[in-house]
Amino acid sequence: MIKKLGILLMMSVVAVSGCSNSAMEPEEINPEIDVCEVCNMGLAHEHYATEVVTADGEIYKFDDIGCMDEFLEMETALKEESAAKKYVRDVDTGEWIELDKAYHAYHPDFWTPMANGVVSFKDRESAENYVKEQGMGEVLDYESLMKHEWSWEQ
């Protein structure tokens with residue numbers, strides 16, 4: 001009886017650990033092994049990293065928000081709201097934020113891993129402060145970001 005319970009418990013642990021990411025939550029970045037899905041660069045600058053998490057649990061990682069946008073242009077089915085969640089990180093804290101809830105500071109001279117010049121923040125005030133501190137740039141909300149022309153599109 002105890003042996004059967006032990007086997008059942010082990011099978012349950014294996015089944016649970018093999019489940020997909022059904023909550024569509026982002027995964028921590030491991031800069032030692034994670035690479036960008038588009039440009040294959042290592043994700044050394046974790047606070048600029050972004051992720052797309054699909055409804056079936058696939059996680060795609062990017063070194064820069066521009067690479068994520070380029071990937072979504074190629075994978076059009078993932079643009080649908082129910083197909084995937086898109087995440088960016090607050091550059092100050094590293095906190096994951098859903099793309100449509102984040103604010104961004106943009107200027108072509110802002111440093112980002114792929115030189116796209118878009119830096120993400122958890123709130124408008126943080127993005128405005130960044131622009132003010134840099135003495136240049138503009139704040140983009142989600143709608144403005146969706147209209148943004150990326151360097152790879154030019």
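Before describing the sheet I note what pairing means here: two strands pair if DSSP finds at least two bridges between them. The model I am reading is predicted.

Entry on the sheet. I looked up the strand order and found an open sheet of 4 strands, running β2-β1-β3-β4, with antiparallel pairing. The edge strands are β2 and β4, each of which pairs on one side only. For the twist I noted an average of 25° from one strand to the next.

Entry on one strand pair. I then turned to β3 and β4, whose antiparallel pairing extends over 3 bridges. Within this part of the sheet I looked up Tyr87, and its bridge partner in β4 is Glu98.

Entry on the nonpolar cores. I recorded that the largest nonpolar core holds 28 residues, and that the members touching the most other members are Val52, Phe62, Ile65, Met68, Leu78, Val88 and Leu145. At least two residues of this core come from each of β1 (50-54), β2 (59-62), α2 (65-74), β3 (84-89) and β4 (96-98). The element that gives the most to this core is α2, with 5 residues. I also noted a second, separate core of 9 residues, which includes Ala105, Phe121, Ala127 and Val131.

Entry on Ile65. Which residues does Ile65 touch, if I leave out those up to four places away in sequence? I listed Tyr48, Thr50, Val88, Leu99, His104, Val118, Ser120, Leu145 and Trp150. Of these contacts, Val88 and Leu145 are named, as Ile65 is, among the residues of the largest core that touch the most other members.

Terms used: Residues are numbered from 1 along each chain as its sequence is written. This is a predicted model: local features need pLDDT of at least 70, side-chain atom pairs count only at pLDDT 80 or more; totals for chains, interfaces and linings use all residues. Side-chain values use heavy atoms; hydrogens and water are left out. A nonpolar core is a set of buried Ala, Val, Leu, Ile, Met, Phe, Trp, Tyr and Cys residues joined through side-chain atoms within 4.5 Å. Buried means under 20% relative accessible area, exposed over 50%, partly exposed in between (1.4 Å probe, protein chains only). Contact means heavy atoms within 4.5 Å. Axes are lines fitted to C-alpha atoms, for helices over the stretch in contact, and angles run from 0 to 180 degrees between N-to-C directions.
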